[in-house]
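Me: Please take a close look at one part of this model, the charged side-chain pairs. I would like to know where they sit and what surrounds them.

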Amino acid sequence: MKLFIPNLLANDEAGFWFPPQGSTVAEGVDSVYFFILYVCTFFFVLIVGLMVLFMIKYRHRPGVEAEKTVTHNLTLELSWSVIPTILTIIMFWVGFTSYLDMRTPPDSSYEIDVVAKKWSWAFKYPNGWIESELHIPKGENVTLTMASDDVLHSLWIPAFRTKMDVVPGRYTQEWFNATKAGTYPLMCAEYCGQKHSEMITKVVVHETRGDFDKWLKIAADIHKNKTPVEAGEYFYKTRGCIQCHSLDGVKKNGPSFKGLFGKERQFTDGTSAVADANYIRNSILEPQSKIVVGFRPIMPTFKGQLTDQDITAIIAFIKSQK
Amino acid sequence: MATIVDSSNPKSNLPVQYRELNYLNCSKGWKSWFFTLDHKRIGVMYLIGVTASFFFGGIFAVLLRTELLSPTKLLMGPDTYNQMFTLHGAIMTFLVIIPGVPAAIGNVILPVMLGAKDVAFPRMNLCSFYLWMFGAAFFVAAIVLGGLDTGWTFYTPYSITSNTSVITALLGVFILGFSSIFTGLNFIVTIHTMRPPGMTWFKMPLFLWALYATALIQVLATPVLGITGLLLVVERAFHIGIFDPALGGDPVLFQHFFWFYSHPAVYVMILPAMGVISEVIAVHSRKHIFGYRFIAYSSIAIAIFGFLVWGHHMFVSGQSKVVAVIFSAITFSVSIPSAIKVFNWLTTMYKGSIRFTTAMCYGLSFIFIFSIGGLTGLFLATLATDVHLHDTYFVVAHFHYVMMGSSLVGLFAAVHHWWPKISGKLFSEFWGRIACLGVFTGFNLTFFPQFILGTRGMPRRYYTYLPEFQNLHIMSTMGAYLLGISSALMAATLIYSVYRGKKAPANPWGGASLEWQCSSPPPHNNFDHPPHAGDPYVMESVVYDEEVEGFVPVECHEKKTGATTASGDNEV
């Protein structure tokens with residue numbers, strides 16, 4: 001069903017109901033959807049059609065009373081119980097078989113680990129590189145093994161028609177096989193607090209495995225192909241710092257980085273310290289140990305997620321924010 | 001048949017509608033209301049409370065929709081937005097829809113429909129109202145003490161970590177639960193023990209069947225919500241590790257507990273509305289209801305199946321695939337009794353004499369809206385499509401079609417159908433119908449675009465969104481404005497009628513159930529003697545009388561006019 005309504009759709013390839021199909025299971029899901037849609041449309045037209053017909057035909061006219069008719073009819077009532085039952089059994093079955101395709105990860109699969117936290121995604125590739133965007137090759141099975149650092153999140157890629165909650169305290173899995181190169185939105189579908197709606201990033205589907213490997217190699221080499229300040233900015237943007245620490249002096253959930261380096265900080269335990277390299281490193285690894293006055297202890301730790309080289313780059317970046 | 005006369009009144013040979021004392025004016029002063037044991041007064045107080053809550057929930061809705069006119073900030077920041085959608089949901093669910101039809105309308109109508117003087121436990125009834133007020137006060141306190149931003153579902157672990165007034169709100173929910181259980185118990189006992197001579201189970205009006213099925217759910221499911229709420233309070237206060245994974249708890253367990261109540265609660269919201277529609281369609285079509293037993297059984301079937309399907313809220317929660325498949329299969333079972341009811345209502349209209357009164361207009365709107373709400377449930381019961389649609393605007397649209405479009409429109413139908421009985425006044429049918437048209441149009445304009453938003457990829461509970469969704473959001477917000485204005489018009493029409501409305505006859509629409517046999521409004525004790533009940537759907541037992549401008553029993557009419565009209569005797 002390709003009903004095109006100008007201005008309503010941003011993407012030419014999108015249908016009236018759905019974004020473009022981007023994975024192997026999308027077509028199955030869409031066809032189940034349209035099957036149900038047609039059955040429902042039939043019944044809806046039947047019900048409302050009869051209702052309108054009766055409204056017109058049997059409207060009250062002066063002097064005309066309602067005609068006495070039978071008050072029950074077993075055959076009729078059984079038929080409108082049994083026919084919908086059969087239809088719903090068919091619906092269950094088609095939905096069930098498509099679901100099995102969607103939820104059975106294939107044996108050989110490219111594996112990416114996902115950590116969700118308020119309010120960013122971290123995709124960890126097999127070579128250890130962590131990126132806030134999901135990059136995958138086209139035509140290859142990809143399995144995401146997902147964990148959450150704090151609350152419930154849910155990873156949803158509308159173009160792939162798959163979604164799975166990310167539950168703290170356990171791993172959940174989601175797999176897909178992208179059919180078309182391009183960029184698609186990836187978002188959090190389970191309410192997770194203040195910036196739930198900003199927990200949106202993109203999936204980049206590379207045309208070939210070669211393209212993907214090349215991208216991964218370059219991306220992972222960040223300290224080689226970027227200056228420390230550039231690398232620090234990259235971490236700032238990709239590891240979630242940007243959600244709480246502004247660069248323009250605005251106070252968000254955490255202190256702004258503007259002019260931070262070298263300044264005296266007052267802590268809630270009454271002590272104070274100068275924001276130097278050691279202080280910043282400690283704040284990244286042990287964020288709860290010193291809380292600056294006026295802020296809540298909500299920053300997650302980055303221990304094990306950032307190397308010393310990464311932290312050095314972040315320090316360089318903060319230092320550059322005069 | 002309507003042989004109740006007031007012997008102390010000199011006009012006692014006149015039909016009851018000419019009596020002057022009624023439940024509204026039989027005693028005066030605020031004490032006579034606040035300490036009343038009269039089910040009708042308690043029902044009216046509920047109705048006022050529910051309306052006030054609806055006003056606040058509605059204001060929140062309009063503000064939320066206004067914010068969503070644009071993906072950028074218009075009125076409020078994300079924190080305020082999150083608190084507002086939470087309170088909109090919690091107020092509308094716990095303070096408006098759940099008590100709406102059963103506690104407000106049910107309290108006024110149920111005993112009168114049974115030909116009883118009151119409910120079985122009048123003091124418990126008053127207690128349940130004060131528990132409701134007390135619970136509502138906790139909600140107000142939660143708003144004042146820093147809001148609530150967890151969503152009305154209180155999902156863990158977010159609700160454990162959120163620094164808003166979660167405990168206050170949960171205590172409110174706990175207390176409201178008791179109110180709901182008391183009302184349910186009262187209705188079950190009343191229906192079991194106080195039916196009048198001649199009213200067997202299968203001669204009971206279908207509204208009573210619906211209230212009975214609802215009461216069963218209230219009594220059996222609500223304790224689970226209470227316990228879950230308490231566990232969450234304990235978890236927050238003492239960090240025991242029931243739901244918090246950081247302490248070894250399981251957040252999915254909370255979802256199981258929560259939905260074990262909250263899915264059946266959906267039927268607490270919709271079943272009474274279905275009961276209302278069964279009455280409204282039959283009375284205003286002047287036809288015997290079609291397939292009485294199937295409708296009665298389907299209410300009970302919905303109540304039973306409602307307990308077995310909670311897992312369909314959790315297809316993507318990480319519960320096992322086998323469990324998801326089983327829940328999907330059982331979920332479809334709920335759709336069948338719902339479909340049966342719709343077909344029965346349609347057939348009831350067949351060869352009727354349909355009067356488009358305001359109540360009937362809401363009844364017909366209900367059939368239209370509930371069909372969409374029910375049918376879109378099939379997309380969510382089906383596993384493959386639910387994975388895509390879960391937690392999107394499709395779900396928002398679906399449950400608003402069921403909870404708001406159907407339950408609330410059912411409540412509106414009930415209010416208009418029984419307004420002459422409750423207030424003793426007739427409202428302006430013209431303005432009533434205009435408001436109904438506005439509600440219907442505004443509602444569909446608000447929520448239909450949300451189905452499309454959902455399938456296209458708009459998640460629910462989003463403060464901001466991708467720019468391509470803006471047009472549909474604007475449509476939706478315009479609908480919400482129309483809906484808000486129309487609801488206000490409806491309220492104005494009804495309130496105006498209290499002061500300036502024409503005095504209502506005992507039976508303005510021609511209903512054959514017992515509540516139409518006592519005067520409007522009913523006297524303090526409803527009936528002096530239990531009336532003899534016949535078939536509540538033999539509409540031929542009453543005929544229109546020009547003099548009283550309402551319907552009167554056939555035999556009274558004959559006695560007065562001496563005419564011999566065709567007898568629609570409903571004596572058994």
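Reply: A:K138 is partly exposed in this predicted model, at 30% relative accessibility. The side chain of A:K138 forms a salt bridge with that of A:E207, at 2.9 Å from N to O. A:K138 sits in the loop between β4 (134-137) and β5 (141-148) of chain A, and A:E207 in the loop between β10 (200-206) and α3 (209-220) of chain A, so the bridge ties together parts that are 69 residues apart in sequence. A:E207 is also partly exposed, with 43% relative accessibility.

A second pair is made by A:R281 and A:D308, whose side chains meet in a salt bridge of 2.9 Å, N to O. This pair links distant parts of the chain, with A:R281 in helix α7 (residues 277-285) of chain A and A:D308 in helix α8 of chain A, 27 residues apart. A:R281 counts as partly exposed at 34% relative accessibility, and A:D308 counts as partly exposed with a relative accessible area of 47%. Salt bridges with shared partners also join A:E140, A:R209 and A:D213 into one network.

Another bridge pairs the side chains of A:E67 and B:K351, at 3.4 Å from N to O. That pair crosses between chains: A:E67 is in the loop between α1 (26-57) and α2 of chain A, and B:K351 is in the loop between α10 (321-349) and α11 (358-381) of chain B. A:E67 is partly exposed at 44% relative accessibility, and B:K351 is partly exposed with a relative accessible area of 25%. Over all chains the count comes to 13 salt bridges.

A:S98, in helix α2 (residues 74-103) of chain A, is buried at 13% relative accessibility. Beyond its neighbours within four places in sequence, A:S98 is in contact with A:G28, A:V32 and B:A384. A:P158 lies in the loop between β6 (153-157) and β7 (162-166) of chain A and is buried at 3% relative accessibility. Not counting residues up to four places away in sequence, A:P158 touches A:P19, A:P185 and A:M187 in chain A, and B:H388, B:R456 and B:G457 in chain B. A:P158 is 132 residues from A:A26 in sequence, with 9.2 Å between their C-alpha atoms.

Just after α5(A), A:G240 has a positive phi of about 95°.

Covalent links between cysteines are a separate matter. The search over all chains finds zero disulfides. For B:C556, the closest cysteine sulfur is that of B:C518, and 14 Å is too far for a bond.

A word on confidence in chain A: its mean pLDDT is 89, and 96% of its residues reach 70 or more. Residues 1-7 of chain A stay under 50 in pLDDT, and the model has 13 contacts for them beyond four places in sequence. Where pLDDT is low, the predicted coordinates should not be read in detail.

Note on methods: Residues numbered from 1 in each chain as written. Chains lettered and ligands numbered in written order. Predicted model: local features only at pLDDT ≥ 70, side-chain atom pairs only at ≥ 80, totals over all residues. Heavy atoms only, no water. Disulfide = S-S within 2.5 Å. pLDDT = per-residue confidence, 0-100. Contact = heavy atoms within 4.5 Å. Helix = DSSP H or I, 4+ residues; strand = E, 2+ residues; numbered from the N terminus. Buried < 20%, exposed > 50% of the residue type's maximum accessible area, 1.4 Å probe, protein only. Salt bridge = Lys/Arg side-chain N within 4 Å of Asp/Glu carboxyl O.
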